[in-house]
Amino acid sequence: MRKAKPKKRVILPDPKFGDVLVTQFVNNLMVDGKKSIAFGILYDALDQVAVKAEKEGKPALEYFKKALENITPSVEVKSRRVGGATFQVPTEIRPERKTSLSIKNMILFSRKRSGHSMADKLAAEIVAAYNNEGAAFKKKEDMHKMAEANRAFAHFRF
């Protein structure tokens, strides 16, 4: 953009937990502007997770945040053309992009899971991410491996 940077929109905290991260997750989960349905799906999933979380003596929200933290990538590769050749250049990810990537990966791989309802699939993915397993965690590991393999091209950063 040539002009000033756009202002960051303020995201209001959700009604049940009073957390901005939950609202951000719901905004990504929402389809066709159906926010109340997205809230219902997430709250149902967190209720299912709460059963497993109580065994460890943790609240469901803390369990959810730890699961997101486990699938949050710290580096990614970006394509960069240098002299006719394309290199995969590893770059650090800024904090806002880290959280949005982890949220999007969790939702994407929850949708791909087999199960009856979206709440069931999401709960299963949250538990898997908390235990450092599942498709979203594997995606993060693959990103890190790719960045490590292309570390030699780090000097092409832009």
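**Exercise 1. Find which residues the ring pairs link into a cluster with Phe17.**

Step 1. Take the rule: rings of Phe, Tyr and Trp (its six-membered ring) pair if their centres lie within 6.5 Å. Planes under 30 degrees apart count as stacked, over 60 as edge-to-face and the rest as tilted.

Step 2. Follow the links. Ring pairs join Phe17, Phe39 and Tyr43 into a cluster.

Step 3. Look at the face of Tyr43. Lys16 lies over this face, at 5.0 Å from the ring centre. A charge sits over a ring if NZ of Lys or CZ of Arg is within 6 Å of the ring centre and within 35 degrees of the ring normal.

The model is predicted: local features need pLDDT of at least 70, side-chain atom pairs count only at pLDDT 80 or more, and totals for chains, interfaces and linings use all residues. Residues are numbered from 1 along each chain as its sequence is written, and side-chain values use heavy atoms, with hydrogens and water left out.

**Exercise 2. Describe the pair of Phe25 and Phe64.**

Step 1. Count the aromatic pairs. The rule gives five.

Step 2. Classify this one. Phe25 and Phe64 are edge-to-face, with 5.1 Å centre to centre and 85° between the planes.

Step 3. Phe25 belongs to helix α1 (residues 20-29) and Phe64 to helix α3 (residues 60-70), so the pair ties together parts that are 39 residues apart in sequence. Helices (H or I, at least four residues) are DSSP runs, numbered from the N terminus.

Step 4. Check burial. Buried means under 20% relative accessible area, exposed over 50%, partly exposed in between (1.4 Å probe, protein chains only). Phe25 is buried because its relative accessible area is 0%. Phe64 is buried at 0% too.

**Exercise 3. Work out where Asp32 and Asn132 are found, and whether each is exposed or partly exposed.**

Step 1. Recall the background. Most residues other than glycine have a negative phi.

Step 2. Take Asp32. Its phi is positive, about 55°, although Asp32 is not a glycine. Asp32 is in the loop between α1 and α2 (35-56). Its relative accessibility is 71%, so Asp32 counts as exposed.

Step 3. Take Asn132. Its phi is positive as well, near 55°. Asn132 is in the loop between α5 and α6 (135-149). At 40% relative accessible area, Asn132 is partly exposed.

**Exercise 4. Describe the surroundings of Ala128.**

Step 1. Ala128 is in helix α5 (residues 118-130).

Step 2. Judge burial. Relative accessibility is 8%, so Ala128 counts as buried.

Step 3. List contacts (heavy atoms within 4.5 Å). Not counting residues up to four places away in sequence, Ala128 touches Arg113, Glu133 and Gly134.

Notes: Helix = DSSP H or I, 4+ residues; strand = E, 2+ residues; numbered from the N terminus.
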